[in-house]
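Hi,

Here is the structure I promised to pass on to you. Have a look at it first, and then read on for what turned up when I went through it.

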Amino acid sequence: MTSPDSGVPRLAIAAPSSGSGKTTVATGLMAALAGRGLAVSPHKVGPDYIDPGYHALATGRVGRNLDAYLCGPELVGPLFLHGARGCDIAVVEGVMGLYDGAAGEGELASTAQVAKLLRAPVVLVVDASSQSRSVAALVHGFVSWDPEVRIGGVILNKVASDRHEVLLREAVDSVGVPVLGVLRRAAPVDVPSRHLGLVPVAERRGPAVDAVDAMAAQVADGCDLEALVGLARAAGPLPGGSAPWTPGPVPTHHPSRSGKKSPQRVAIAGGPAFTFSYAEHTELLVAAGAEVVTFDPLRDEELPEGTQGLVVGGGFPEVYAAELSANEGLRKSVAELALSGAPVAAECAGLLYLCRELDGLPMCGVLDASARMSERLTLGYRDAVAVSDSALAGAGTRLRGHEFHRTVVEPGAGAAPAWGMRAPERRVEGFVERGVHASYLHTHWAAEPGVARRFVERCRTS
């Protein structure tokens with residue numbers, strides 16, 4: 001294993017555009033390397049929750065996000081080292097095209113920026129299905145656009161034949177960039193999609209394992225794994241002497257009447273309907289003194305015994321609306337907890353679950369609002385400020401977040417809104433009622449560790 005001080009061997013898997021095959025290559029490479037006995041640290045650029053689930057399946061380790069917009073560029077290196085601690089190699093899957101980032105923000109949150117912050121060599125996955133010699137111009141453009149981005153090799157995807165491969169290799173050789181893999185046109189790996197992207201691992205465990213195995217076989221058969229590992233080992237130390245991020249010191253719990261330590265019990269929704277969460281949130285809650293217990297709203301008929309706080313993150317409640325609605329016992333349990341004033345944090349899917357109804361089906365009724373599916377996709381980064389004091393933040397706290405949904409909640413904000421959006425448009429959004437903080441906005445608590453500490457303290461005092 002490699003210590004963080006000496007530099008974790010690492011690669012960034014990028015592409016000229018979305019749809020080029022980088023998820024297949026990144027996930028397949030992770031699984032292929034893990035299959036050879038390496039401890040692989042999986043990472044994803046941007047706010048995506050679904051790809052990290054496949055990465056975790058491929059490596060046996062928690063998939064982690066690196067988002068320079070949500071957390072700030074200064075935390076990219078520390079969060080990377082935190083996830084990669086004790087690993088032999090790290091693979092970072094990019095987002096969109098190599099140089100695409102937050103709209104109107106230059107390189108911010110792009111794969112290129114993250115690669116530079118990590119000094120990670122980039123492997124460019126190119127969809128070569130409709131070109132031959134022109135691939136040289138494309139690769140040359142990406143190599144020369146930003147000299148600080150080191151493109152260490154190319155993987156040619158969707159290659160039609162031996163003759164096609166020869167033409168492509170000759171073209172790329174003229175640019176001076178090594179071809180590290182060639183993947184032939186094949187039936188797509190069975191990873192179904194729907195309205196917000198790939199279907200999460202938690203919803204298709206057996207088929208997901210088969211899909212990851214197929215990706216690993218494609219990459220192992222078509223790529224030079226030794227050359228890829230060699231490129232990763234040439235990355236060197238991270239810049240600036242970065243130290244691993246830490247969620248905080250070992251918690252000191254308040255003693256109970258019996259004299260024993262008494263952590264605050266925080267229930268976190270999981271299961272197929274609520275799959276969107278960042279691993280650091282749980283780590284921050286634990287560091288703040290919480291005992292975290294996961295429950296499944298599709299199966300569990302009441303909250304875990306002794307629950308003092310509740311976190312309901314993102315996911316797909318619209319897909320499971322009938323099952324969630326049918327679980328009346330849990331809906332009542334959630335409503336009673338919220339009515340008691342206990343802290344409840346709900347993001348996106350969690351917001352829908354707390355509403356009076358979703359697509360006409362009864363939900364928890366914590367909020368006097370209704371939710372429904374929409375044809376319109378709401379997507380993008382947000383610059384937000386807390387409007388109302390809540391269990392998560394004091395009024396005036398500024399955080400950056402991300403929205404990603406095809407639903408509408410009416411009204412969009414309560415009498416005490418959760419957030420005032422500063423960019424890209426000014427508006428208020430979300431609900432703060434009693435101990436409830438409910439909003440469409442996904443945030444990354446590592447950017448403001450006080451969020452978790454405040455939440456756990458509210459569990460203690462509510």
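Which residue lies over the face of Tyr69, and at what distance from the ring centre? It is Arg400, at 4.1 Å from the centre of the Tyr69 ring. Before the rest, please keep in mind that this is a predicted model.

Now to the aromatic residues. Searching the whole structure gives 7 aromatic pairs. One of them is Tyr49 with Phe276, a stacked pair with 4.9 Å from centre to centre and 5 degrees between the planes. Tyr49 sits in the loop between β2 (40-45) and α2 (50-59), while Phe276 sits in the loop between β10 (264-269) and α9 (279-287), so this pair ties together parts that are 227 residues apart in sequence.

Phe316 is in the loop between β12 (309-312) and α10 (321-326), and Phe276 is in the loop between β10 and α9, so here the parts tied together are 40 residues apart in sequence. Phe316 counts as buried because its relative accessibility is 0%, and the cut-off for buried is under 20%. Taken together, Tyr49, Phe276, Tyr278 and Phe316 form one aromatic cluster.

The loop between β2 and α2 that holds Tyr49 is also the place of Gly46. Is Gly46 buried or exposed? Gly46 is buried, with a relative accessible area of 2%. Leaving aside residues up to four places away in sequence, Gly46 touches Asn65, Leu66, Asp67 and Tyr381. If you want a distance to check in your viewer, the C-alpha atoms of Gly46 and Val143 are separated by 22 Å, and these two residues are 97 residues apart along the chain.

Next, the helices. Two packed helices are described by the angle between their axes and the distance between the axes. For α1 (residues 22-35) and α2, the angle is about 20 degrees and the axes are 8 Å apart. With the cut-off for roughly parallel at under 35 degrees, α1 is therefore roughly parallel to α2. Their crossing is right-handed. On the α1 side, the residues that meet α2 are Thr23, Thr27, Met30, Ala31 and Ala34. Their counterparts in α2 are Asp51, Tyr54, His55, Ala58 and Thr59. An α-helix has 3.6 residues a turn, so residues three or four places apart point the same way.

How do α3 and α4 pack, and at what angle? Helix α3 (residues 76-84) and helix α4 (residues 111-118) pack at about 75 degrees, with their axes 9 Å apart. That angle falls within 65 to 115 degrees, so α3 is roughly perpendicular to α4. The contact involves Val76, Gly77 and Phe80 in α3, which meet Val114, Leu117 and Leu118 in α4.

Helix α9 has a set of buried residues: Ala279, Glu280, His281, Leu284, Leu285 and Ala287. After α9 comes Gly289, with a positive phi near 110 degrees.

Most residues other than glycine have a negative phi, and most peptide bonds are trans. Against that background, here is what I noted:

- Lys158 is not a glycine, yet its phi is positive, near 60 degrees. Lys158 is in strand β6 (residues 151-159) and is partly exposed at 32% relative accessibility.
- Asp359, also not a glycine, has a positive phi of about 50 degrees. Asp359 is in the loop between β14 (357-358) and β15 (361-362) and is partly exposed at 40% relative accessibility.
- The peptide bond from Glu410 to Pro411 is cis, with omega near -5 degrees. Pro411 is in the loop between β17 (398-410) and β18 (419-423).

Happy to talk any of this through once you have had a look.

Best wishes

Technical notes:
Residues are numbered from 1 along each chain as its sequence is written. This is a predicted model: local features need pLDDT of at least 70, side-chain atom pairs count only at pLDDT 80 or more; totals for chains, interfaces and linings use all residues. Side-chain values use heavy atoms; hydrogens and water are left out. Rings of Phe, Tyr and Trp (its six-membered ring) pair if their centres lie within 6.5 Å; planes under 30 degrees apart count as stacked, over 60 as edge-to-face and the rest as tilted. Helices (H or I, at least four residues) and strands (E, at least two) are DSSP runs, numbered from the N terminus. Buried means under 20% relative accessible area, exposed over 50%, partly exposed in between (1.4 Å probe, protein chains only). A charge sits over a ring if NZ of Lys or CZ of Arg is within 6 Å of the ring centre and within 35 degrees of the ring normal. Axes are lines fitted to C-alpha atoms, for helices over the stretch in contact, and angles run from 0 to 180 degrees between N-to-C directions. Angles under 35 degrees count as roughly parallel, over 145 as roughly antiparallel, 65 to 115 as roughly perpendicular and the rest as oblique. A crossing is left-handed if the near helix is turned anticlockwise from the far one by less than a right angle, and right-handed if clockwise. Contact means heavy atoms within 4.5 Å.
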